[in-house]
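Colleague: I have a chain on screen and would like to learn how to read it. Please take me through it feature by feature.

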Amino acid sequence: MSHQDYILTLSCPDRTGIVYHVSQLLYRHHCNILDSQQFGDEDTQRFFLRVHFRQPIGSDHAELRSQMEQVGSQFAMEWQLHDAQRRSRLLIMVSKQGHCLNDLLFRTRSGQLPVDIAAVVSNHNDYANLTASYGIPFHHLPVTADTKAQQEQQILDIIAAEKVDLVVLARYMQILSPELCRALSGRAINIHHSFLPSFKGARPYHQAHQRGVKIIGATAHYVTEDLDEGPIIEQDIARVDHTLTPSDLTQVGSDIESLVLSRAVRSHVEHRILLNNNRTVVFR
């Protein structure tokens with residue numbers, strides 16, 4: 001191969017000359033820009049940029065990074081340069097609802113999702129056989145109020161040992177401690193139905209059926225200490241009507257949750273998401 005692909009992402013205070021200096025730097029290093037997306041937020045006065053480029057093998061990549069450091073300092077940038085060929089390593093966490101886990105396993109095996117699943121963690125044993133059928137390590141880590149700290153340390157140990165890049169809460173029905181949330185800041189995604197805060201607790205689709213809802217949906221977001229209130233990455237909805245039973249609503253909701261979570265994971269691993277305070281910029 002005569003080239004290497006990279007993805008540059010950055011955000012900084014908005015001002016003139018940002019795109020010029022970045023593109024000039026890439027040009028000087030004989031890089032070919034394959035795709036570039038940008039957004040200037042008038043509310044926060046910040047500028048966001050994602051550039052997918054190709055650098056010839058033999059061109060000095062260390063020097064490119066060094067000069068990017070200078071540009072970054074000049075514009076007060078928060079920036080990252082990613083190897084586009086490197087596949088992110090995922091840890092999936094699940095409880096007793098397996099639809100999102102099953103979807104992620106299949107999408108990964110079939111090549112639809114460009115990731116490697118390093119391991120699956122669950123506080124129940126229900127999906128040990130399913131996980132094993134894909135040749136992926138399964139860790140059964142039961143948890144109680146008394147053992148929560150030790151169980152979460154085991155999770156962190158697995159993340160470190162497996163060099164995990166992203167943790168996916170695929171209907172993991174345990175509240176993470178503030179300490180674990182902070183340890184996983186920016187690299188943990190959760191999925192839940194979009195009834196919140198209307199129908200909290202158990203059997204939300206049954207609650208929705210009793211209220212006669214006409215729209216159901218799902219939300220994927222980054223995990224923060226504020227339960228289910230992290231920066232939103234992806235959402236979707238479906239219209240429903242009076243003919244659907246609670247079981248029907250659950251099935252429709254499960255399908256939406258699986259789709260929304262897979263989209264959010266893909267956006268993250270393809271480095272399409274930039275944080276904008278408590279919101280996100282998601283480049284398509």
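Modeller: Helices (H or I, at least four residues) and strands (E, at least two) are DSSP runs, numbered from the N terminus. UniProt lists residues 7-89 as "domain: ACT" in an unreviewed entry; its positions are in the numbering used here, feature names are shortened, and annotations may be inferred rather than shown by experiment. This is a predicted model, where local features need pLDDT of at least 70 and side-chain atom pairs count only at pLDDT 80 or more, while totals for chains, interfaces and linings use all residues. Residues are numbered from 1 along each chain as its sequence is written, and side-chain values use heavy atoms, with hydrogens and water left out.

Colleague: Which residues have the most contacts inside the largest nonpolar core?

Modeller: In soluble globular proteins, nonpolar side chains tend to be buried together. A nonpolar core is a set of buried Ala, Val, Leu, Ile, Met, Phe, Trp, Tyr and Cys residues joined through side-chain atoms within 4.5 Å; buried means under 20% relative accessible area, exposed over 50%, partly exposed in between (1.4 Å probe, protein chains only). Here the largest core has 42 residues, and Ile-92, Val-120, Val-168, Ile-189, Leu-261 and Val-265 have the most contacts inside it. Among the elements giving two or more residues to this core are strand S5 (88-94), helix H3 (99-109) and helix H8 (246-269). H8 gives the most, with seven residues. Another core, of 20 residues, lies apart from it and includes Val-22, Leu-26, Phe-47 and Trp-79.

Colleague: Which residues of helix H1 are buried, and which are exposed?

Modeller: In H1 (residues 18-28), Ile-18, Val-22, Leu-25 and Leu-26 are buried. They lie on the same side of H1 because they cover an arc of only 95° around the axis, taken from the directions from the helix axis to the C-beta atoms. Tyr-20 and Tyr-27, on the other side, are exposed. The buried residues of H1 pack against strands S1 (3-13), S2 (32-41) and S3 (46-56) and helix H2 (61-74).

Colleague: What area is buried between domain 1 and domain 2?

Modeller: The size of an interface is often given as the accessible area lost when the parts come together. Here that is about 850 Å², with carbon and sulfur atoms giving 55% (1.4 Å probe, summed over both parts). The domains are 3-83 and 89-282, with bounds from an automatic or database domain assignment. Their C-alpha centres lie 32 Å apart.

Definitions and conventions. Contact means heavy atoms within 4.5 Å. Buried area is the accessible area (1.4 Å probe) that two parts lose on being put together, summed over both.
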